Amino acid sequence: MILTETFQNPKPIIGVLPLVATPGSSLWDGDPSHSVSRLEQEVTALASARVDGSLLELDWPPLTEGGNSFGVGAACVSAMRLAVERAARLSHLPVGLSVKPNQPEVAMAVALMTPVSFIRIPLLFGALVTQDGMLEGCRQRLIEFSRQLKMAHGQCLLMVDVSLNALLPGNDTPESPANFEARLKTWQSLLNDLIDPPFPPDSLVFSASEISPYLDHPAVQQLWTQACWPIFVDDLQSDNFIELQGYYEKASGLFLRHGIRKQTPQLSPSSHTIKLLEPSIDMHRVEKIVSQLRKAQPHQQIAQMDADIFVGDGK
């Protein structure tokens, strides 16, 4: 599937919305109206800021024994289904879903019942050691799910995160350019197996924190021009507009998550506990970032942009 079948803009800019107050999380107070109200506000803010889509991201379930079993119960799945339906109805923008640390099957199950336009798969190959245990790739168990999803929901993009650290042997040093190139080549060889069914991804997602130190490396330069899939970049710092613009010129699209919120945190509306929620979306800030990115100004003019683009109003 090509991106233009899902996004109106050929280079989509997608805002990331964490689903924090869901059943089972520490912020859940038993009243779904609070989390739904907050989601509605943030989806509306992103749509008003003229982004091309929103990614709803669940990132609290802990790992349990076995490495790939998560605390996502039926109540949480129901909450995600409600969130997707509300988001799609409010904004008319493509809505994506990601269930971290690595349970894309849940996202696929929700997509079968809701208007999910794209899914992010956090870890397809390799393994990662986390503070909760070992996290393993999920390619084999996703093959059958992807078949079912394509039949029932053919307009859903599958976006695969490329985690080079998941392929790092224990005795290697990640700072070495040679090791970076070796990991990138390993990923490319693994991805070659995915060009044909049964599991062809529609795009790849790289983390800026992983590839930023090696932007001038020939392997990265080759990646932008010769990749078989559209490449998105995430984990960007929105206060560094020169970096944002550089990635936007080379990549097929961006995910915005850092630096798009107001400076003042919000309190949970629960009357029983007082908990800090992540600050709400700064609509004006996001709108300025999106507008400036799409203007595609010459590199030398970017440094002269008004400083208020990088400063939230804190309200």
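**Entry 1: elements and burial**

I counted 10 helices and 12 strands in the chain. I took helices (H or I, at least four residues) and strands (E, at least two) from DSSP runs, numbered from the N terminus. The model is a predicted one, so local features need pLDDT of at least 70 and side-chain atom pairs count only at pLDDT 80 or more, while totals for chains, interfaces and linings use all residues. Residues are numbered from 1 along each chain as its sequence is written, and side-chain values use heavy atoms, with hydrogens and water left out.

Next I looked up burial. Of the chain's 315 residues, 49% count as buried. Buried means under 20% relative accessible area, exposed over 50%, and partly exposed in between (1.4 Å probe, protein chains only). I then checked contacts, meaning heavy atoms within 4.5 Å. Among those in the chain with a separation of 6 or more, 69% join residues 24 or more positions apart.

Helix α3 (residues 104-111) got its own look. Seven of its eight residues are buried, so the helix is largely enclosed by the rest of the structure. The buried ones are Pro104, Glu105, Val106, Ala107, Met108, Val110 and Ala111.

**Entry 2: confidence**

I read the pLDDT, the predictor's confidence in each residue, from 0 to 100. The chain's mean is 76, and 73% of its residues reach 70 or more. Where is confidence lowest, and where highest? The lowest is in helix α10 (residues 299-302), at a mean of 41, and the highest is in strand β10 (residues 253-256), at 95.

Two stretches I marked for caution. Over residues 62-69 the pLDDT stays under 50, and the model has 19 contacts for them beyond four places in sequence. Residues 297-315 are also below 50, with 30 contacts in the model beyond near neighbours in sequence.

**Entry 3: aromatic rings**

I searched the whole structure and found three aromatic pairs. Rings of Phe, Tyr and Trp (its six-membered ring) pair if their centres lie within 6.5 Å; planes under 30 degrees apart count as stacked, over 60 as edge-to-face and the rest as tilted.

I took Phe7 and Phe118 to begin with. Their ring centres are 5.5 Å apart and the planes stand at 55°, so this pair is tilted. Phe7 lies in the segment before β1 (13-18) and Phe118 in strand β4 (residues 116-121), so the pair ties together parts 111 residues apart in sequence. Phe7 is buried, at a relative accessible area of 1%. Phe118 is buried too, at 0%.

Then I turned to Trp224 and Tyr247. This pair is edge-to-face, with 6.3 Å centre to centre and 65° between the planes. Trp224 belongs to helix α7 (residues 218-226) and Tyr247 to helix α8 (residues 241-250), so parts 23 residues apart in sequence are tied together. Trp224 is buried at 14% relative accessible area, and Tyr247 is buried at 2%.

I also looked for charges over rings (NZ of Lys or CZ of Arg within 6 Å of the ring centre and within 35 degrees of the ring normal). Lys11 lies over the face of Tyr248, 5.5 Å from the ring centre. Arg120 lies over the face of Phe255, at 4.5 Å.
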